[in-house]
Amino acid sequence: MLSIHTVRELRDYVLDVTLSVRSGETLVLIGENGSGKSTVLNLISGILTPDRGEVTLGDRTLFSSEGKTNIPPENRKVGHLFQSYALFPHMTVAENVAFGLRCRKVPRPTIAFSVANQLRVMHLADLADVNVGRLSGGQRQRVALARALVLNPDLLLLDEPLAAVDMRAQGAMRSELRGRIKNADIPCIVVTHNLRDALELGDRLCLLEEGRVVADGTPEEVLSMRENGFIESFAG
Amino acid sequence: MKVPTPATLVAICLLMIAGLLVAGCTTTEQAPETTTLTVFTAASLTGAFTDIGKAYEAQNENVKVDFVFDGSQTLRTQIEQGANADIFVSASTKHMKALQDGGFMENSTVTPFLGNSLALIVPVENQAGIAGVADLNKPGVKLVIGTKDVPFGDYTRQMLDKMAADPAYGQAYKDAVMKNVVSEETAVSSVVPKLALGEADAAIVYKSDVSKDDLTKVTRFDIPAEYNVVATYPLGILAESASKTEAASFIAFVRGPDGSAILTEYGFDPISG
Amino acid sequence: MLWRAVLTLLTAALLALFLLFITLPVASLFLRISPEEFLSSLTEPVVLDALSLSFVTATVSTVIVVLFGTPLALVNARRDYRGRELVDTLTDLPIVLPPAVAGLALLMAFGRRGVVGQYLDLFGIQIGFTTLAVVMAQVFVASPFYIRQARASFEAVDSLYEDAARTLGASPGTVALRITIPLAQAGLVSGAILSFARALGEFGATIMFAGNFQGRTQTMPLAIYTTMQGDMNAAISLSIILVVISFAVISAVKIVTRRKY
């Protein structure tokens, strides 16, 4: 279970978000560009620090302004997929997936085993020694997911996970992604601009406007709020 | 902004060239009755000849004297490579001889005009406690001399050879002194500052290199005459000089009473001709 | 049409003229010495000593510049702190300072009576006239070439990779070593090569601060200046070697920077 209450002053407005996501539940964050969706993910994974508030994951406090706790990102055990995937361009697929394990000083044979296993599950075994610059959008997305999941994170944050995937492949990738998230059985937050993502991946939908949650409910509930301009255009 | 076309670029270049040509023409037109004398002068004469040049210009309004001060070897190389000069003032007969043999000099005008001898200098603080050449072999003394190819370095080696030949000092003395050498300079002008800053403990230079100002920073010791090497400075007019009359007049001034007075003031011994 | 052809011809002529101006003096070095004279002067002690001293000191200087310059460049590329611009200006300063000023400044600081040197002297440490002084002069004048290039290369690395590495469990140190530095590698290598070349060519500060002594402080440029007074062939040979190295350096930088992710 993830609970957050974060306040941070941004350039144009004050972001003030309170959310909680249960284990096995996927929360989809939607909203206009610049409404603070990616910022929320960065505040949770520790890339940004809230001005005040609290972030707890299970029984761990990741950040607390009152308790003066601020766990650095490398110790949060949060899988964070960036919009452009941020695969390390100077490494092969296998090296990318092994990166987190090597940082944790896992013994080499264990790394080799875990990486091979993860690549097989993700249908990437054939590409293990390929430099990531040569991959398609869908392949890159799978590598990024493999790189995060191989570490058995306690939380998964996905920023526009399918935006760089070929339109024709998006359907298949989406159901595959849904399967992976369900398997992991951890809280998951997905940021998206895509209605299909929201409907197929989300158990719950949250609408963000200028740093505030203005709607929170099942996809059907939120998408029925046609009086909201964004929902109107989003739901088409 | 628009990217300039090749045509524009060419036009700009041509304009610049034209501008340079015009500028070049005007300068030559401006000075018809002023003669410029270019005097290549050994660096050790920098102070004295700067003063002489000023005194000469004050008396001869139609002549401008331009000095190029550098090591005699460098100046010789420049002349051999075709540098334009009217007078060459060398700190050693060797380089003058080479130019004479090469046909670069108006041989009849070449004559020794100055004597200079070596001296030992130490910083006024004298941290190494040196009282004369006899102390130069003490371990740890940081000694600066000239390279073997510049006159004051060549003469220093000749001096040490003379001392080595004397049983009072011997070869061991010379070896110990050479072992104390921390730097071999190509121009005397860079030696005095190294002592004044206390970087080195002692140096062997021309007596004339130590100016009056320098004597507030360094102390000068004479080197016994039996070991000292007296340098003879020759000067002469270059074969290709375009202003030989003016050059001869300048040389006469250098060797006359005004020039001699300045040279003596700087520690040289003018040789009367 | 004819007008255009004339223009093209004129442009080509101007280009050729300028190229000639640059290449002629360099080519003249090669024409003034026979291959036999070149090879025989290569065996002269003054040439050999200068060659080995130059390579050793320039290599040591480059290593020092890289070790100290990399963290500095990384911090200045990634952290915004008060006085960053000032630090940048200070590290760039030696590029525009005449070498004579650099030499004088080093003397004033580390000379026997210098601001720092007078205290070192109390412990019997004297820097002037030693090989260490050569290295210090080279580090002083060559460091900006590396630091500038390194900072630009670090700034060109997308910080997204660093963020991703952090969330995967990399500490800031690991991020620098495994992500930022490898991604900036091409720029860092070309910066180090340029810095090495500058160290190799250093003359003014060295002759002022370290003096001129064969085998100890007489690097290639100093040896060229010194041998010019006597053995012109040795001076030309050393110059040719420096020309060849400089050409190789520029080519190396071009090749290294061509590779890009």
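Accessible areas come from the Shrake-Rupley method with a 1.4 Å probe.

Figure 1. Chain A exposes about 10500 Å². Carbon and sulfur atoms supply 47% of that area. Of the 236 residues in chain A, 53% count as buried.

**Figure 2. Overall dimensions of chain A.** The C-alpha trace of chain A spans about 55 × 45 × 30 Å along its principal axes. The radius of gyration of chain A is 18 Å, which agrees with the value near 18 Å that a compact globule of 236 residues would have.

Figure 3. Among the contacts in chain A with a separation of 6 or more, 64% are between residues 24 or more positions apart.

**Figure 4. Charged side chains of chain A.** The chain carries 27 positive and 29 negative side chains. The centres of these two sets lie 8 Å apart.

**Figure 5. Prediction confidence along chain B.** The average pLDDT of chain B is 86, and 88% of the residues score at least 70. Confidence in chain B is highest in strand β3 (residues 87-89), at a mean of 96, and lowest in helix α1 (residues 6-30), at a mean of 53.

**Figure 6. Residues 24-31 of chain B.** Over this stretch of chain B the pLDDT is below 50. Beyond near neighbours in sequence, residues 24-31 of chain B have 0 contacts in the model. Where pLDDT is low, predicted coordinates should not be read in detail.

Technical notes
Residues numbered from 1 in each chain as written. Chains lettered and ligands numbered in written order. Predicted model: local features only at pLDDT ≥ 70, side-chain atom pairs only at ≥ 80, totals over all residues. Heavy atoms only, no water. Rg over C-alpha atoms; globule rule 2.2 N^0.38 Å. Buried < 20%, exposed > 50% of the residue type's maximum accessible area, 1.4 Å probe, protein only. Contact = heavy atoms within 4.5 Å. Lys, Arg positive; Asp, Glu negative; His and termini not counted. Charge placed at Lys NZ, Arg CZ, Asp CG, Glu CD. pLDDT = per-residue confidence, 0-100. Helix = DSSP H or I, 4+ residues; strand = E, 2+ residues; numbered from the N terminus.
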